[in-house]
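The following paragraphs guide the reader through selected parts of a structure. Please keep the sequence and the coordinates at hand while reading.

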Amino acid sequence: MHGPDSVVPAGASGDAGEPAAAPPPPHRLRDRFDELSTPGGMLLVAALLITGIAVTSAITDPDFWWHLRTGQLLIANHLQLLGHDPYTYTVSSHHWTMHEWLFEIIIAALYDIGGLGAIVPVLSLLTWFGVVFILLRSRLHTRNRLALGVGLIVAALAANPIWGPRDQMVDFTFSCLLLLLVERYLMRGGRAIWLLLPIFLLWSNLHGGFVVGLVFLAVIVVAEAAGLRLELPDPAPRRRIATVAVVTVLCTLVSMINPNGPGILLYAAETLASPAQQALILEWQSPDFHQLEVRGFAVMLVSLLGFLVANRRIRARDAALVALTTALAFESVRNVAIFVAASTPTWIEQLSHLLDRLRTTAGRVRPPRLPSLRVRVTALALMTAVLLGGWVGLRLVPAMATTPTALSYARTYPVCASAWLREAPHGLRIFNQYGEGGYLAFSLAGTGDKIFIFGDAALMGDKLLYTYADISDVVPGWQSTLEDYGTQVVLFDTGTALDHVLQESPNWVMVYSDPHNQAFVLRSELASLHLPPQPEPTGSCAQLAAQGEGSS
Amino acid sequence: MTEATAVPATPDPGPPPENAQEGRSRVAAVAWLATGFCITLPFTVQLFRYGDEWWHIALGRLILSNGIPATEPFSFVATQHPWVEQQWLYEVLLATLVRLGGDGLASLVLGLVGSLALLVAALSVPRSARISRGWAAAAMLLGGLMAGMAMGVRAETVSALGVALTLLIVVRWREGNRWVVWLLPPMFLLWANLHSGFIAGLGVLAFTLVIHRPSRGRTAPLPDNLFLAVIGVGAAAVAVLLGLVAGAVALVLLWAAFRPVPLTPGVRRRPLAIAALAAAALTLVNPAGPGIYGYIAETLGNPILSQLVSEWQSPNFHDALTRLIEVLPALLVGLWLIGRRPRVPELVLATAAFLFTLQAVRNVSLLAVVLIPQLAEYGQAAWAARAPLRLRLRLGARRPLGLAVIAALAVSAASIAVMLPQTSATAAAQFERTHEPETAADYVAIHFPGQRLLSSDADGGYLAYRFPTGRVVLVYDEIGIFGTGPLTDYIDIATVSGNWQGLLARYGIRHAVLSASGADVSALQELGWTVNCYEAPSARVVMSAGGAPPTGIPPPPSNAPAC
């Protein structure tokens, strides 16, 4: 779209102070260093490394643990899908659509090689590659390194609540790659667009979120077709749009080649249509802008709109992608990553146009004087070393060194309680906190203990999700529901409503307590369960106990 | 349609006399605006859906009988802040309306005020834009759909009207009308006694004063130098670190500091500044005096607010209607792109209102009154610039005026027919029966008169209405006066956390009116509290302390006798 008074120059631009026209791509090492050691180049390098720092952390996704355990089971099962979940006593008859089977196998294999220390760098790099794809897509339209650097930092801030080693980063990175390939094809043509077919073959076996890629393709085709008709700026050639349409259809067909067959396409729709998931699961809820970490998204969105209003020029496909992903991000905070994947290049390009306008207005054409190349390269090397050292030393290594029983996990997962449960007679039926089911599934592997619920919300189904909510919210009737399911142990977070009510109830008796969790059993069943006494805490559990007592 | 300047004229046997043409346009304009007004009534006329209406009525009655109370009159907890009766006049009017015509009359009058706010907003378009009132009506419809989320029988509706009037006065002042600003002082005197939302109006005035500078130049284009970076980075940093509202304020201040907008020749800032100062001074003429600003600061700065009251939370975009908070700003941005470039004050004001609404959904009515005039103006501009010629010709062709008026009347009548049932006594009684603990309160009145009651903050307002004497209520949604201490205690009891049992004992609470599905009901049952009765329509229970803890699973509360 562009207004009648649009003044945006069509060409790309360089750093502030450099000529507006796009410089020819550098071919020699010296040129490359010359380019990277300008202030804008250094900012870009710094931004890339800062995003690396942002996307690297210890594993915090509560679902990670059951994915890992499932991968181990798949490997043990000779890569045969499980069909039904082996963890719960509530929905073990439900059919399990294992849309992440390949991802689970990969992380299990990595865990086998090097524990969490092998998984963290792989998933962090996977996410970082997504950022690199964003950069490459942005560079198709602008070489302004200031805009590129600032854009990457803003993107890293915006997606702050989502970053981390987790399965959804597969969707982030593959979305970035898909959009890069499509944009490149629409601009320049070539054959790389056909890489989307193997990409979708892989993606649809890694994560059910591949559907967003198909939606992106369809939206681009429709938007470009409409843009052609409405004579919007920079339309793609008609023939290329038609090719993308064909590729979209073929990708849809290819994505059906997975162990779940065509049903995988319905899986995402079911998730999006589930009112229980949307209402009860935190990351499916709308962003809460009272929280610091979400405000980066608001700032990125509002600034993008500001740039748009200033420039009054946007391609049809970019406008459609921004609108779609904004709607998705407002719907669920987890989709902020998708917004960043799709909209960051537009943000960067719009900022670049704005900077061009500023430079035109200022009338400054003389580039600033820079120190000699040797000095600049030295500064670049120093800066890179510091940031790389920070990335590896402060983020990557500590994250890799974290073990499943570390204190940081003991504060958020039933690390200590599961150690006690492993000593208990096996085959217990345990009512657990939703976010802790994954860790219990992992840590109680091989005991035969079953849990009430874990993080595959689609497998759990809306009925169980609502039932779980009723029990954890202590809605009257909660005890009958627990008994109806044959629950033997309630293991829940200390200080919650359920925990307080169980402490008061004459029907229940506390059998385990640490600063994070408490466990209760029915008084009438206490003798028959033969539960062991609570062990003396050691390791991280001793630290947790000491901290808990200290804080109390 | 006034965009006829952009539409080639249709073949015409001859121009009608000028007076007749003006008369026809005026009739058409009135018809459009009346239709816009009526079509928003189904959204603005609402039953007592907030629950706060009840304690406002109780306070209004108290003021009418005994004058303004010196201390908080309903709760048995010691409030941490002085009692500020910031809505006394609204409460008196509300109580009077209910006395004269029941709940329905209150719903109708406040609904009319809400629609009037939308109408005034639609009129806040610069005359130079010469917009067709059809665009204004369409914008009112969209704005009404969105603003309905936060309008109804509440003083915030009055504040929406106040903000719309302030915007209208500012627009006329910018056009050179130097007398209109003197409406501000009496308006703010009245407003400050109706609702503390007058602070939004003062904010609009302050914004207008700081963003403009006297100059002979025309309205400034968008910034075109590096000040934009300072403004953008500064506002973004404040928004991230301190919140979106603070970011919006920073945006305004930075813009005003670095890129003030020149006023059109002949427009002077001084009359507006003096009138605004007088208006601000007159806001002190209220029962709390300057204390009203302390109340506002306490309310806005209370960290518990967004925990307790959902309308202080960010919008939940899973609700279809809430999507309008996203759709209408997106539509406006689209219109800015394809139509005419926005004026800076409007751009900044719309951005600030959007950020305010993302922070707290209750600001949606503010967003609506800011967006309506812009949607109308820029919608028309975009249509003139981009709509296909054939379509513009067809729609621009003159229609018989009588037919248009009849169509407007039909739409208005249909809207009123949809709205009217909301104002009936039957609907109000039915709504009260199904949403408030009506018979539970009857039971309490008979069996536990004068006893302290545990209830939700929402039900606290209704119980204050039913038991206006004796201080039987824990808390209700007048958050600004309770302070964080009592509110934290209340949250601990309601969510069965912290020292909830000790708090029950400390406050001497032995009876409760609670939602039958609450965690507190289960918890109290385990402590031996008895469910005295169950009120099926609103799913409430009356409970009392004193029984023995259950030996087995307690029976469902719905098994208790009816209240």
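Apart from residues up to four places away in sequence, Q525(B) touches P550(B) and P554(B), where two residues are in contact if their C-beta atoms, placed from the backbone, lie within 7 Å. The model is a predicted one, in which local features need pLDDT of at least 70, side-chain atom pairs count only at pLDDT 80 or more, and totals for chains, interfaces and linings use all residues. Residues are numbered from 1 along each chain as its sequence is written, while chains are lettered from A and ligands numbered from 1 in the order in which they are written.

Q525(B) belongs to helix α24 of chain B; helices (H or I, at least four residues) and strands (E, at least two) are DSSP runs, numbered from the N terminus. Q525(B) counts as buried, with 26 C-beta neighbours inside 10 Å. In these terms a residue is buried if 20 or more other C-beta atoms lie within 10 Å of its own, exposed if 12 or fewer, and partly exposed in between, with C-beta atoms placed from the backbone. Between the C-alpha atoms of Q525(B) and F448(B), which are 77 residues apart along the chain, the separation is 19 Å.

Axes are lines fitted to C-alpha atoms, for helices over the stretch in contact, and angles run from 0 to 180 degrees between N-to-C directions. From α22(A), the residues A497(A), H500(A), V501(A) and E504(A) meet A519(B), S522(B), A523(B) and E526(B) of α24(B). This contact divides into four nonpolar, two polar and two charged residues; Ala, Val, Leu, Ile, Met, Phe, Trp, Tyr, Cys and Pro count as nonpolar, Asp, Glu, Lys and Arg as charged, and the others, Gly among them, as polar.

The contact between the chains as a whole takes 45 residues from chain A and 49 residues from chain B. On the chain A side, α13 (295-311), α14 (316-331), α15 (336-362), α21 (478-484) and α22 (497-504) each supply at least two residues. The most comes from α13(A), with ten residues. By class, this side of chain A has 23 nonpolar, 14 polar and eight charged residues.

The strands of chain A come next. Five of them form an open sheet in the order β2-β1-β3-β5-β4 (chain A), with mixed pairing; two strands pair if DSSP finds at least two bridges between them. Since β2 (450-451) and β4 (508-513) of chain A stand at the edges, each with a single partner strand, one side of each is left without a neighbour in the sheet. β4(A) runs antiparallel to β5 (residues 517-522) of chain A, and five bridges join the two. Y512(A) has A519(A) in β5(A) as its bridge partner.

In chain B, strand β4 (residues 511-515) is mostly covered, four of its five residues being buried. Two bridges pair β4(B) in the parallel sense with strand β3 (residues 453-454) of chain B, and here L453(B) stands opposite H511(B). With strand β6 (residues 540-544) of chain B, β4(B) pairs in the antiparallel sense over five bridges, S515(B) standing opposite R540(B).

A further helix pair lies within chain B. Helix α9 (residues 244-258) and helix α14 (residues 344-359) of chain B pack at an angle of about 165°, with their axes 8 Å apart. That angle makes α9(B) roughly antiparallel to α14(B). The contact of α9(B) with α14(B) has eleven nonpolar, three polar and no charged residues.

Definitions and conventions
Angles under 35 degrees count as roughly parallel, over 145 as roughly antiparallel, 65 to 115 as roughly perpendicular and the rest as oblique.
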